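Welcome, and thanks for opening the viewer. Let's take a walk through the model together, one selection at a time.

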Amino acid sequence: MGFTVAQGLMLLLLIASTMAVSKANRDCKFGNQPFRHPHHPNNTQTSNRIIVGDSYHWNFGFNYTNWAIKHGPFYLNDTLVFKYDPPSPNTFPHSVYLLPNFRSFTKCNLRKATMVGNVTQGGGEGFDFELKRPRQRYYFACGERNGFHCVNGTMKFFVKPIFR
């Protein structure tokens with residue numbers, strides 16, 4: 001059984017693909033932790049206070065899943081600060097719920113969720129939520145209007161703190 005042209009092309013394709021993947025991953029650290037630029041917002045050796053949504057705070061229309069991806073990884077004992085306007089005739093009320101699992105998170109099912117911040121707690125300096133359990137996923141969502149802000153897909157995110 002000889003070496004065919006098709007087999008040679010497949011071998012060449014396999015080698016080229018392997019080289020492309022290794023070149024694309026050259027900036028990654030060992031393991032599954034992403035490369036961290038020294039000026040990344042969560043690149044410190046101590047616990048951090050992280051304002052959810054940065055200057056946008058906890059508001060409708062901002063994509064918090066993308067925010068969490070850009071600000072990760074999150075570490076054990078980091079504190080998430082939720083800030084949002086208290087209810088008024090000019091603003092939509094917001095709250096923060098901790099959902100029990102991924103299924104509830106994807107469906108925005110608040111029946112077994114725990115409210116960690118009511119509509120008034122986000123005013124002023126906001127309120128703190130400390131990430132105390134390592135490797136546990138924390139699923140957050142806005143629960144107002146029967147979860148509409150969550151269902152819309154933007155006012156929800158999850159984090160999985162790791163050891164520093």
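Which residue in β7 is the bridge partner of A141? Select K156, and you have found that partner.

Before going on, a word about the ground rules. This is a predicted model, in which local features need pLDDT of at least 70, side-chain atom pairs count only at pLDDT 80 or more, and totals for chains, interfaces and linings use all residues. Residues are numbered from 1 along each chain as its sequence is written, and side-chain values use heavy atoms, with hydrogens and water left out.

**Stop 1: the whole chain.** Color by secondary structure and you will see 4 helices and 7 strands. Here helices (H or I, at least four residues) and strands (E, at least two) are DSSP runs, numbered from the N terminus. Followed from that end, the order of elements is α-β-α-β-β-α-β-β-β-α-β. Of the 164 residues, 35% are buried, where buried means under 20% relative accessible area, exposed over 50%, and partly exposed in between, using a 1.4 Å probe and protein chains only.

**Stop 2: strand β6.** Select residues 138-141. Y138 and F140 lie on one side, Y139 and A141 on the other, and all of them are buried, so both faces of the strand are covered. Two strands count as paired if DSSP finds at least two bridges between them.

**Stop 3: an open sheet.** Show β1, β2 and β5, the 3 strands of an open sheet with mixed pairing, in the order β1-β2-β5. β1 (49-51) and β5 (127-130) are the edge strands, each with a single partner, so one side of each has no neighbour in the sheet. Between β1 and β2 (residues 79-82), which run parallel, there are 3 bridges. Zoom in on I50 to find L80 of β2 opposite.

**Stop 4: H71.** Finally, select helix α2, residues 64-71, where H71 is found. Is H71 buried or exposed? H71 counts as buried because its relative accessibility is 12%. Display the side chain of D54 as well: a polar contact of 3.1 Å joins D54 to the side chain of H71. Such a contact is a pair of N or O atoms within 3.5 Å; within protein, one must be able to donate a hydrogen and the other to accept it, and residues adjacent in sequence count only if both atoms are side-chain atoms.
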